[in-house]
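Here's a quick briefing to read alongside the model. Have the structure open and follow along.

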Amino acid sequence: MKMPMNGKINLLLPSPLHELKDPLFTEKKIKVFFKRDDLIHPSISGNKWRKLKYNLIGLKKDSILTFGGAFSNHIAATASICSDLKLKSVGIIRGEEMETLNDTLRTAKDLGMHLEFISREEYRNKDDAEYQKSLMIKYNDPYIIPEGGANTKGLQGCIEMIAEIDLDFDVIVSAVGTGATLAGICLGLNDKQKAIGIVVLKGAEYLEKEISDFIDDYNSKSSFPGSINRFELKHDYHFGAYAKMNQSLIDFMKHFYDQHKIKTDPVYSGKSLFALYDMIRKDQFKPGSKIIYYHCGGLQGIKGMENRYKVKFYSN
Ligand SMILES: *Cc1c(COP(=O)(O)O)cnc(C)c1O
């Protein structure tokens, strides 16, 4: 089944920014504002739109090839956008094909994405020139986007997200996977502002360097001022590993939804929001601070995680 394609995508941009009221914030004398990239589009969500945007503008090819895991928000977003723009799409998926596709991959396939499953070992070569050349030949010269949209053009879209925030804030908190989003955020900040990245992978200490490299690489191709020292990573909020969770995370997400009617996902935004509350409770922000919580989206992945772990986060 194909979605109707009208060549036009409805995106809520600039994404909403609003203050979140909470007795804890009042007690600690801070203000927290939510930048709602989760509301941009139901399936082209959050930072994945930001990172795809400049990869698509001026595109001269009629097909896109990209990479991701079985629950990837980036795969979901790419499949959806390519369907809307009438582009062919190929998803190179890490891991064996399962008998029944999960919700993310099922939807991607229904939207017309061709899926190729490769082993975890083979997946490690995904950025190799030789391997990519073989994919170019096999799939008739597609435009290749790295996993997560993590390239220079991806960073450009994240810089733009910061420019949308019409508010003089001190700190912005975001989830970190590849680190491309946080690198783009840093490039968009001024000298007085700081980014805190909540790392959702276990043992990902390499990310400090990775993010600095993203920033350096961007700076070498453009004329942005130095922005390398504007971030700090927190490695204590991965809840066991990537896509792992525990009861306290589930309880937190449910409680937050009951209080504020805002959904988060267990892979990224639930962990980063849990971290924000924890840091606030531990007085890690000065009284008077204005904090932005960057809600990167990721809500399409909830269903897949619910099925995988036999839990239910939200009743609707
Ligand atoms: C992909 C994703 C991230 C991580 O972004 P990176 O640029 O890879 O660090 C964070 N939150 C959500 C919801 C995502 O889908």
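**A parallel strand pair**

Strand S8 (residues 194-199) runs parallel to S7, and six bridges join the two. Two strands count as paired here if DSSP finds at least two bridges between them. Helices (H or I, at least four residues) and strands (E, at least two) are DSSP runs, numbered from the N terminus.

A word on ground rules: this is a predicted model, so local features need pLDDT of at least 70 and side-chain atom pairs count only at pLDDT 80 or more, while totals for chains, interfaces and linings use all residues. Residues are numbered from 1 along each chain as its sequence is written, and side-chain values use heavy atoms, leaving out hydrogens and water.

**More on S7**

- Within this pairing, Ala175 sits opposite Ile198 in S8.
- Strand S7 (residues 171-176) is largely enclosed by the rest of the structure, because six of its six residues are buried. Buried means under 20% relative accessible area, exposed over 50%, and partly exposed in between (1.4 Å probe, protein chains only).

**The chain as a whole**

- The protein chain has twelve helices and ten strands.
- Along the principal axes, the C-alpha atoms fill a box of roughly 60 × 50 × 40 Å.
- Of the 316 residues, 57% count as buried.
- Take the contacts (heavy atoms within 4.5 Å) between residues at least 6 apart in sequence: 74% of them join residues at least 24 apart.

- Asn73 lies in helix H3 (residues 73-84), and its relative accessibility of 9% is why Asn73 counts as buried.
- Leaving aside residues up to four places away in sequence, Asn73 touches Lys48, Tyr268, Gly298, Gln300 and Gly301.
- Gly58 is in the loop between helix H2 (46-56) and strand S3 (63-68). With a relative accessible area of 56%, Gly58 is exposed.
- Gly58 and Tyr123 are 65 residues apart along the chain, and their C-alpha atoms are separated by 28 Å.
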